[in-house]
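Biologist: I am new to this structure. Could you show me how to read it, one feature at a time?

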Amino acid sequence: MKFDTEIQKRRTFAIISHPDAGKTTLTEKFLLFGGAIQTAGAVKSNKIKKHATSDFMEIERQRGISVATSVMSFEYRHMLVNLLDTPGHKDFAEDTYRTLTAVDSVILVVDCVKGVEEQTRRLMEVCRMRDTPVIVFINKLDRDGKAPFDLLDEIEKELSIHLHPLTWPIGMGKDFKGVYNLYDQSLLLFHANQKATEEDILPIQHLQDATLSSVLGERDASMLAEEAGLIEGVYGAFEAVPYLAGKTAPVFFGSAINNFGVKELLDTFIRIAPEPRGRETTARPVEADEDKFSGFIFKIHANLDPKHRDRIAFLRVCSGRFERNRFYHHVRLDKEVRFSNPYTFLARDKDVIQEAFPGDVIGLFDTGNFKIGDTLTEGEEFYFTGIPSFSPEIFKEVINKDPMRTKQLEKGLLQLTDEGVAQLFTQHNGNRKIIGCVGDLQFEVIQYRLLQEYGASVQFNSLPFYKACWITSEHTAKLEEFIRFKSGNVVQDKDEHLVYLAQSEWYLNTERNNHPDIQFHFTSEIHK
Ligand code: G4P
């Protein structure tokens, strides 16, 4: 209860999208509104080149720079906004998925030309697992895209979420005239490459208002009246409850690059997005307004420079107040730890902080004490739940090229996988080690880091698997029989959970049909 005012003024969220939909551009506009940056292009220059798939060093170097922008905090209308950055490169998708466990809501950007894309689908699946409230921003209205009603249909169907438009576009592409704000009944007029000013916002009494036809023309005004009427009939009044429950997503239309419709989005976000929420743990639900501090590690970033082996562990504060130089309980290690230089990521002054509150993300210098999912408390024994591992998509066997360094290799593999760079599977009843990743780049990262940091030289052999499924069953005998028959496909993850590696969707479906008593899961909770 002590920290209510601090909690109420915080909003912690992420902007997510398929690469190229406009996430970076929108982020930048938000930061400009928040006064966190002064010039356009500041975020862009830190951006990872999405198409450079071979040069992981360059990507990591840029990621190094972007650690500073991993969390961007700024004040807007007396609120403290924490925007968590997610990598654009698809090979780092796991990083994005985990970052989503540390936010209270998201803004999903969809390109109006391309509609729902592969990464959009996956990111939404992760949001749905946690019922994260979502606001949709349909971007690039200055281009000829799909018809707005078709887009709504597509998003609702493909992402299995109800939508509720709060603004509505008038025209598109070269005929784009602006957006009508259905919520507070005003019209925002669009001028390409010009900043929208207050004068561009026209209050409208009703949809038959003569102002509409005088500024939009007869045809567009009557089309807007018709469409807005239709929307009102179908969607009714906007309600916060289904949005906060992650069931309905408000929709905004605009053009990020033209800074159009962005302020409306940010203003509404500030008004409706949830404040820092409590979290489930292995022992009991923890509320944000509890007096005692607790938090969890959701991301670890290593320094690729061999001269600096320090890592930064990102901690989300879940309850109470975090204080610099105070001892906290590291639950997994059963050890008291304290931090003399906890980092904050206020975009303007990245600095050591004295204290942090629920919703805040702080960077802790780490020398190997942390792994993803670790919990810090004031003494209580619990872990935050809901931090999943996802099925990797590329599998390779680790071949040790230098048997003299076997111990170092094992240590390196364990540490790198603790950081969440990749997942490690070991052959059931065997010694074969298999690494699973979301993208090819991680294999290069692992190979390089094993050599630089652990002096271990490895090679990878591709394996023909397409998915890893964690398997469980109440029928021990049936599970054992399955393991016996499928011994070549069954491995264990680091926590000794059983995992079935499927060669293809067909194999997976066949096994599922043949073994109804066994459950196949695509994710695994780090703590249950
Ligand atoms: P991402 O972070 O989601 O990957 O997307 P990003 O913001 O980098 O935007 C991808 C491309 O789309 C960029 O062009 C950006 O300028 C453009 N873009 C963003 N918003 C809009 C919009 O409202 N309308 C139009 N027409 N384009 C938009 P690029 O050519 O890849 O990069 P750049 O050369 O502009 O930096």
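Modeller: Keep in mind that this is a predicted model. Let us begin with strand pairing. Strand 25 and strand 27 run antiparallel and share 4 bridges.

Biologist: Which residue of strand 27 is the bridge partner of Trp-470?

Modeller: Val-499.

Biologist: How many bridges join strand 25 and strand 28?

Modeller: There are 3, again in the antiparallel sense. Ile-471 has Phe-520 of strand 28 as its bridge partner.

Biologist: Now a helix. Which residues of helix 13 are buried?

Modeller: Buried means under 20% relative accessible area. In helix 13, residues 476-485, that holds for Leu-479, Phe-482 and Ile-483. Viewed down the helix axis, these buried residues fall within an arc of 100°, so they line one face.

Biologist: What does the face turned away from the buried side carry?

Modeller: Exposed residues: Ala-477, Arg-484 and Phe-485.

Biologist: What do the buried residues of helix 13 pack against?

Modeller: Their partners include strand 25, strand 27 and strand 28. Strand 26 (490-492) and helix 14 (505-514) are also among them.

Biologist: How many residues does the largest nonpolar core have?

Modeller: It has 66. Leu-100, Val-134, Val-136, Ile-138 and Leu-187 have the most contacts inside it. Helix 8 (residues 218-235) gives the most to this core, with 5 residues. Domain 1 (4-272) and domain 2 (294-377) each supply at least three residues.

Biologist: What does Leu-100 touch, leaving out residues up to four places away in sequence?

Modeller: Its contacts include Ala-14, Ile-16, Leu-123 and Arg-130. A second, separate core has 28 residues, including Phe-30, Leu-31, Tyr-76 and Phe-137.

Technical notes. Residues are numbered from 1 along each chain as its sequence is written. This is a predicted model: local features need pLDDT of at least 70, side-chain atom pairs count only at pLDDT 80 or more; totals for chains, interfaces and linings use all residues. Side-chain values use heavy atoms; hydrogens and water are left out. Buried means under 20% relative accessible area, exposed over 50%, partly exposed in between (1.4 Å probe, protein chains only). Helices (H or I, at least four residues) and strands (E, at least two) are DSSP runs, numbered from the N terminus. The arc is that of the directions from the helix axis to the C-beta atoms. Contact means heavy atoms within 4.5 Å. A nonpolar core is a set of buried Ala, Val, Leu, Ile, Met, Phe, Trp, Tyr and Cys residues joined through side-chain atoms within 4.5 Å. Domain bounds come from an automatic or database domain assignment. Two strands pair if DSSP finds at least two bridges between them.
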